[in-house]
Amino acid sequence: MNTQCVETPAHLLNLPTSFEEAIEEVAALESAAKRIRWATDPSLWVKERLGIASWSGQRRIMRAVCDRRRVAVHTAHAVGKSWCAGMLACWWVDTHKLGD
């Protein structure tokens, strides 16, 4: 029986051939993981992607949009409903494929 180890070229295993390629692949995987998290959490998208803090009422509205088909918001004037709607529109465009 032949127990000699035969090396398989990295390109046949789809492995990075250099340290730089490995770093790029890790960065791409991290980016994909963020996009998956962002697609289900608009308040996280606003915080991480835009660097904007939202208050608890706005986060509650954003969660409701993810959980329900229709959302009605009953609040007083100037509490950020329009801002929240704008952020939700931007979130949807950035995290969903055209036609979703």
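At what angle do helix 2 and helix 5 pack, and how far apart are their axes? Helix 2 and helix 5 pack at an angle of about 140 degrees, and their axes are 10 Å apart. The model is predicted: local features need pLDDT of at least 70, side-chain atom pairs count only at pLDDT 80 or more, and totals for chains, interfaces and linings use all residues. Residues are numbered from 1 along each chain as its sequence is written, and side-chain values use heavy atoms, with hydrogens and water left out.

**Overall make-up**

- The protein has five helices and zero strands; helices (H or I, at least four residues) and strands (E, at least two) are DSSP runs, numbered from the N terminus.
- Along the sequence, the pattern reads α-α-α-α-α.
- Of the 100 residues in the protein, 18% are buried; buried means under 20% relative accessible area, exposed over 50%, and partly exposed in between, with a 1.4 Å probe and protein chains only.
- Among contacts between residues at least 6 apart in sequence, 49% join residues at least 24 apart, where contact means heavy atoms within 4.5 Å.

- Two packed helices are described by the angle between their axes and the distance between the axes.
- Axes are lines fitted to C-alpha atoms, for helices over the stretch in contact, and angles run from 0 to 180 degrees between N-to-C directions.
- Helix 2 and helix 5 are therefore oblique to each other; angles under 35 degrees count as roughly parallel, over 145 as roughly antiparallel, 65 to 115 as roughly perpendicular, and the rest as oblique.
- Helix 2 and helix 5 cross in a left-handed way; a crossing is left-handed if the near helix is turned anticlockwise from the far one by less than a right angle, and right-handed if clockwise.
- Helix 2 brings Arg 35, Trp 38 and Ala 39 to the contact, and helix 5 brings Trp 91, Asp 94 and Thr 95.
- By class, the contact of helix 2 with helix 5 has three nonpolar, one polar and two charged residues; Ala, Val, Leu, Ile, Met, Phe, Trp, Tyr, Cys and Pro count as nonpolar, Asp, Glu, Lys and Arg as charged, and the others, Gly among them, as polar.

**Helix 4 against helix 5**

- Helix 4 (residues 56–67) packs against helix 5 (residues 81–95) at an angle of about 45 degrees, with the axes 10 Å apart.
- That angle makes helix 4 oblique to helix 5.
- The crossing of helix 4 and helix 5 is right-handed.
- On helix 4 the contact is made by Gln 58, Ile 61, Met 62, Val 65 and Cys 66, and on helix 5 by Trp 83, Cys 84, Leu 88 and Trp 91.
- The residues of the contact of helix 4 with helix 5 divide into eight nonpolar, one polar and no charged.

**Salt bridges**

- Side chains of opposite charge can pair when their charged atoms come close.
- The structure holds three salt bridges; a salt bridge is a side-chain nitrogen of Lys or Arg within 4 Å of a carboxyl oxygen of Asp or Glu.
- One of them joins the side chains of Arg 35 and Asp 94 at 3.6 Å, N to O.
- Arg 35 lies in helix 2 (residues 19–40) and Asp 94 in helix 5, so this pair ties together parts that are 59 residues apart in sequence.
- Arg 35 is partly exposed at 33% relative accessible area, and Asp 94 is partly exposed at 24%.
- Asp 94 also forms a salt bridge with Arg 49, with the closest N and O atoms 2.9 Å apart.
- This pair links Asp 94 in helix 5 to Arg 49 in helix 3, 45 residues apart.
- Arg 49 is partly exposed, with a relative accessible area of 41%.
- Salt bridges that share partners join Arg 35, Arg 49 and Asp 94 into one network.
- Glu 48 and Arg 37 meet through their side chains in a salt bridge of 3.2 Å, N to O.
- Glu 48 lies in helix 3 (residues 42–50) and Arg 37 in helix 2, so the pair ties together parts that are eleven residues apart in sequence.
- Glu 48 is partly exposed at 37% relative accessibility, and Arg 37 is partly exposed with a relative accessible area of 39%.

**Ser 54**

- Ser 54 sits in the loop between helix 3 and helix 4.
- Ser 54 counts as buried, at 11% relative accessibility.
- Not counting residues up to four places away in sequence, Ser 54 touches Arg 59, Met 62 and Trp 83.
- Ser 54 and Ser 43 are eleven residues apart in sequence and 7.4 Å apart in space, C-alpha to C-alpha.
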